[in-house]
Amino acid sequence: MTAARLLPLAVFLALLGAWEAVVHLQSIPPYILPAPSLIFTTLIDDWRLLSASLAVTLRITALALALATGFGVLFAVLFAQWRWLERSLFPLAVILQVTPIIAIAPLLLVYLDAGTAVLACAFLVAFFPILSNTALGLSSTDHNLRDLFDLYGASRWQQIKLLRLPSALPYFLGGLRIAGGLSLIGAIAAEIAAGAAGQGAGLAYRIVEAGYRLNIPRMFAALALISIAGIAIWLALEWANRAMLSRWHESARERGL
Amino acid sequence: MSAPLVSLNGIQKTFANGTRALDHLELAIMRGEFVSLLGPSGCGKSTALRIIAGLEQADAGTLTFDGGRPEIAFVFQDATLMPWANVFDNVFLPLRLKGLSRQDANASVMDALVHVGLADFVTSYPRELSGGMKMRVSIARALVTKPTLLLMDEPFAALDEITRHRLNRDLLTLQADLDMSVIFVTHSVYESAFLSSRIAIFSPRPGRIVETITVAPTGARTEEFRRTPTYLEACGKAAHALELAMVGA
């Protein structure tokens with residue numbers, strides 16, 4: 001158990017150590033490859049700048065994820081109720097999903113201001129996994145339970161609230177975990193396309209800007225922050241998944257029970 | 001002689017894919033009777049049950065209830081519990097769908113759980129229960145509306161024999177206590193002989209009743225009943241009738 005947990009950490013630290021050693025032994029200049037220690041000190045020195053940008057990116061990611069969750073679940077419920085609506089709108093959702101967001105971003109920037117365009121991009125990539133997973137979950141209810149609800153004369157709203165939504169919860173949470181990562185990717189991709197400077201500059205812009213200035217350690221520091229943000233989002237959603245499903249769903253079952 | 005609680009006359013059912021499930025089904029169930037529908041797999045027994053429950057519409061024929069549609073409960077082959085809800089909420093479901101509040105339903109739910117011996121498991125989740133216990137929850141859920149007609153579709157088929165025997169005995173006690181009519185679909189000759197006051201033998205598809213065997217009035221039966229001539233004779237007759245039905249197909 002502990003060995004299994006320590007192993008990935010040990011590998012990670014060993015890689016950092018090797019990196020540090022190579023940079024020092026080969027005397028590689030920091031504008032080509034900074035050592036991990038330098039990246040760490042840059043992170044601390046530039047914290048004020050980087051943390052402000054991190055807040056911008058995280059805020060957009062969280063807002064996009066919240067909007068995607070709201071609209072994704074809403075449309076999935078509407079699709080489950082009216083098949084014709086699903087047939088007419090689902091292809092549009094697929095088109096938005098398969099078109100790379102980095103290609104849509106410049107177009108959105110023509111019509112929207114930079115902040116809104118970045119939000120729209122992050123929303124677009126997060127929306128589809130939630131919509132499609134929740135729709136799948138809503139249509140995967142136990143047919144015997146559906147019969148039972150019919151037998152006792154359940155209303156349409158009771159069917160949704162007491163049967164379809166709870167059945168769809170594991171599917172929805174699966175979609176949410178994918179969407180969490182994607183909304184960060186969408187936000188970063190759109191920030192790079194937007195290239196917005198000044199007050200509302202996100203982490204991706206800091207990377208582009210630092211690249212122009214050959215400030216490679218700062219590029220790495222911003223990159224590290226993006227990775228950490230991604231990991232934090234993943235862990236938070238994983239935790240939410242466990243907390244909501246642990247009592248009843250196979251996927252959240254403790255191993256070795 | 002009073003009118004039967006349920007009567008099916010000339011019921012026909014063909015599915016959209018062309019499968020003829022039922023052909024001119026004639027069946028009448030009296031109040032307080034325990035009738036088994038016995039037949040090979042896929043002979044339309046379940047379809048008959050679903051038509052009585054109103055989950056399926058017959059193409060032709062009439063379904064009549066004496067004194068209007070009675071309170072009907074249905075027990076499926078699987079326990080069919082909501083995995084996200086605990087035992088209490090699963091049993092509460094039918095009353096909740098009828099608009100009762102948790103408080104108003106509390107006494108009925110607890111009463112049903114006491115009847116199946118699961119009063120101590122209200123906060124357990126289905127995943128934490130054995131197959132037999134899940135089926136008991138399913139039965140409690142059926143009992144909670146105090147049905148006059150209980151429909152059961154091979155409810156114990158997936159359980160081990162000892163559990164099945166115990167549930168068979170408990171079911172008879174419940175039927176006697178609660179004064180229900182039961183229609184019980186099974187493909188086990190022994191199960192039908194042990195439980196029923198009457199056994200209706202189905203032909204293979206398209207299903208119709210080829211023979212009806214009267215066993216004995218119901219009431220609480222013990223394991224002893226399995227050694228009585230009544231039981232053994234019913235087993236023999238049912239097995240023979242089933243054999244004939246299969247050959248005649």
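This report describes a predicted model with chains A and B.

## Basis of the model

The model is predicted: local features need pLDDT of at least 70, side-chain atom pairs count only at pLDDT 80 or more, and totals for chains, interfaces and linings use all residues. Residues are numbered from 1 along each chain as its sequence is written, chains are lettered from A and ligands numbered from 1 in the order in which they are written, and side-chain values use heavy atoms, with hydrogens and water left out.

## Chain A

Chain A has ten helices and zero strands; helices (H or I, at least four residues) and strands (E, at least two) are DSSP runs, numbered from the N terminus. Read from the N terminus, the order of elements is α-α-α-α-α-α-α-α-α-α. Along the principal axes, the C-alpha atoms of chain A fill a box of roughly 75 × 55 × 25 Å.

Of the 257 residues in chain A, 42% are buried. Buried means under 20% relative accessible area, exposed over 50%, and partly exposed in between, with a 1.4 Å probe and protein chains only. Among the contacts in chain A with a separation of 6 or more, 71% are between residues 24 or more positions apart; a contact means heavy atoms within 4.5 Å.

## Interface between the chains

The size of an interface is often given as the accessible area lost when the parts come together. Chain B and chain A bury about 2200 Å² between them, with 63% of it on carbon and sulfur atoms. Trp84(B), Leu97(B) and Arg127(B) supply 39% of the area that chain B buries against chain A, more than any other three residues. Buried area is the accessible area (1.4 Å probe) that two parts lose on being put together, summed over both. In terms of contacts, 27 residues of chain B meet 21 residues of chain A.

Arg141(B) lies in helix H4 of chain B and is buried, at 2% relative accessibility. Leaving out residues up to four places away in sequence, Arg141(B) touches Leu145(A), Leu148(A) and Tyr152(A) in chain A, and Ala79(B), Thr80(B), Leu81(B), Asn90(B), Val91(B) and Pro94(B) in chain B. The C-alpha atoms of Arg141(B) and Ala73(B) are separated by 8.5 Å, although the two residues are 68 residues apart along the chain.

## Cavity

One cavity of 30 Å³ or more is present in the structure. On a 1 Å grid over the protein atoms alone, a cavity is a set of points where a 1.4 Å probe fits but cannot get out, and lining residues have an atom within 4 Å of a point. Grid points are joined across faces, edges and corners, and a volume is the space filled by probe spheres set on the points. The largest cavity holds about 40 Å³ of space.

The lining of the largest cavity consists of Val116(B), Arg136(B), Ile139(B), Leu167(B), Asp170(B), Leu171(B) and Leu174(B). Helix H4 (131-143) and helix H5 (161-178) of chain B each supply at least two of the lining residues, and the largest share, four residues, comes from H5(B). By class, the lining has five nonpolar, no polar and two charged residues. Here Ala, Val, Leu, Ile, Met, Phe, Trp, Tyr, Cys and Pro count as nonpolar, Asp, Glu, Lys and Arg as charged, and the others, Gly among them, as polar.

## Cysteines

Zero disulfides are found over all chains, a disulfide being a pair of cysteine sulfur atoms within 2.5 Å. The closest cysteine sulfur to that of Cys43(B) is in Cys235(B), at 18 Å, which is too far for a bond. Cys43(B) is buried, with a relative accessible area of 1%, and Cys235(B) is buried at 7%.

## Backbone geometry

Most residues other than glycine have a negative phi, and most peptide bonds are trans. His24(B), in strand E2 (residues 20-29) of chain B, has a positive phi near 55° and is partly exposed, with a relative accessible area of 47%. Lys146(B) also has a positive phi, about 50°. Lys146(B) sits in the loop between H4 and strand E6 (149-153) of chain B and is exposed at 55%.

The peptide bond between Arg205(B) and Pro206(B) is cis, with omega about -5°. Pro206(B) belongs to the loop between strand E8 (198-202) and strand E9 (209-214) of chain B.

Technical notes. On a 1 Å grid over the protein atoms alone, a cavity is a set of points where a 1.4 Å probe fits but cannot get out, and a pocket is an open set with protein on both sides within 12 Å along at least five of seven lines; lining residues have an atom within 4 Å of a point.
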